[in-house]
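Work through the exercises below with the model open. Each task is followed by a stepwise solution.

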Amino acid sequence: SRILTVAAAQLGPIQRADTRASVVRRLCDLLRQAAGHGCDLVVFPELALTTFFPRWYTEDQTEIDAFFETALPSAETAPLFALAGALKVGFCLGYAELVEEDGRLRRFNTSVIVDKSGEIVLKYRKIHLPGHAEHEPWRAFQHLEKRYFEVGNLNWPVRRIMGGVLGMAICNDRRWPETYRVMGLKGVEMVLIGYNTPRHNPPAPDHDRLSEFHNQLSMQAGAYQNGTWVVGAAKCGVEEGCEMIGASSIIAPSGQIVAQALTQDDELVLARCDLDMCASYKETTFNFAKHRQPEAYRLIVEQ
Ligand code: CDT
């Protein structure tokens, strides 16, 4: 067996007035707790350093850019990286990335994996950006990811880290089977996912009561159909008046939930994950080389 002891580090709400320093202290506290439980890896949510700012419309780019990181680590986030190195615990962190690339400023919804020495070893930029690009005042709150971020340009990279093949997805990505399948085709053994999911979906309020069900349904199916572990970490609770779901969970390649959060606050969800369990699914029901029929799937990429 190849055991990776993992924690989904669920975060309760981060209000707009909360400083980066206070958030980093919360992250460090969770990292310390995880180290105490012998964890190798801690998964933090999407956009884990600030409140979920796409809920607000503004034409003032400076106001929005205040939620972005221009460097990682930065002076404010350095303590988390230093602690990871000192405790020898890796982590996955979601943040808003502002970068000069191709001769212009670009903004992505990004996550990174940091190894046990505190170094960034893998980066992913969110591909499925939900919501809308223009102000829609009829909504109780906005979801302006299509305005504030570009579609990620790194595909879904995977890499051998801590003895397993790891990859990442971010929030809305988890609802799309292609997300897991692309990484599945690259041999992924654990997919790390952070999310901010408002309970209320303004265009489809009849879905609201199914929020946790759809969250689990997507991640459990992704795990099973690709023979991979999935770790989902929420930022949740009532943030600036907007309720977001919790239910952070660790899911086995069988599709079974091994551990799940009970609160809507800062909470660690822990599991000892045997990466060798992936092979049992990858070599039988989901032996891609033997059973996939890509010729019949052409429509998926042609439309
Ligand atoms: N952050 C993010 O991607 N949230 C979306 C909300 C979309 S409403 C269905 C999510 O898929 O959870």
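This is a predicted model: local features need pLDDT of at least 70, side-chain atom pairs count only at pLDDT 80 or more; totals for chains, interfaces and linings use all residues.

**Exercise 1. Describe the contacts of Arg55.**

Step one: the charge partner. Arg55 forms a salt bridge with Glu239, with the closest N and O atoms 2.7 Å apart. Arg55 lies in the loop between β2 (41-43) and α2, and Glu239 in strand β10 (residues 237-239), so this pair ties together parts 184 residues apart in sequence.

Step two: burial. Arg55 is buried, at 4% relative accessible area. Glu239 is buried too, at 0%.

Step three: the ring. Arg55 lies over the face of Trp56, at 5.3 Å from the ring centre. A further case is Arg174, which lies over the face of Tyr195 at 4.2 Å from the ring centre.

**Exercise 2. Locate Lys126 and Glu145, and state their burial.**

First, the contact. Lys126 and Glu145 form a salt bridge, the closest N and O atoms being 2.7 Å apart. Then the positions. Lys126 is in the loop between β5 (120-125) and α4, and Glu145 is in helix α4, 19 residues apart. Finally, burial: both Lys126 and Glu145 are buried.

**Exercise 3. Classify two aromatic pairs.**

A pair of aromatic rings is described by the distance of the centres and the angle of the planes. A search of the whole structure finds ten aromatic pairs.

Take Phe68 and Phe149. Their centres are 5.7 Å apart, with 50° between the planes, and the pair is tilted. Phe68 lies in the loop between α2 and α3, and Phe149 in the loop between α4 (145-148) and β6 (158-161), so the pair ties together parts 81 residues apart in sequence. Phe68 is buried at 5%, and Phe149 is buried at 6%.

Now take Tyr224 and Tyr281. The values are 6.0 Å centre to centre and 75° between the planes, an edge-to-face pair. Tyr224 lies in helix α6 (residues 211-226) and Tyr281 in helix α7 (residues 277-282), so parts 57 residues apart in sequence are tied together. Tyr224 is partly exposed, at 33% relative accessibility.

Close with the cluster. Phe53, Phe67, Phe68, Tyr148 and Phe149 form one aromatic cluster.

**Exercise 4. Check the backbone geometry.**

Omega: a cis peptide bond joins Leu72 and Pro73, with omega about -5°. Pro73 lies in the loop between α2 (61-65) and α3 (78-87).

Phi: Cys171 is not a glycine, yet has a positive phi of about 40°. Cys171 is in the loop between β7 (164-170) and α5 (177-185) and is buried at 5% relative accessibility.

Phi again: Ala247 has a positive value near 60°. Ala247 lies in the loop between β11 (242-244) and β12 (249-251). At 12% relative accessibility, Ala247 counts as buried.

Terms used. Residues are numbered from 1 along each chain as its sequence is written. Side-chain values use heavy atoms; hydrogens and water are left out. Helices (H or I, at least four residues) and strands (E, at least two) are DSSP runs, numbered from the N terminus. Buried means under 20% relative accessible area, exposed over 50%, partly exposed in between (1.4 Å probe, protein chains only). Rings of Phe, Tyr and Trp (its six-membered ring) pair if their centres lie within 6.5 Å; planes under 30 degrees apart count as stacked, over 60 as edge-to-face and the rest as tilted. A charge sits over a ring if NZ of Lys or CZ of Arg is within 6 Å of the ring centre and within 35 degrees of the ring normal. A salt bridge is a side-chain nitrogen of Lys or Arg within 4 Å of a carboxyl oxygen of Asp or Glu.
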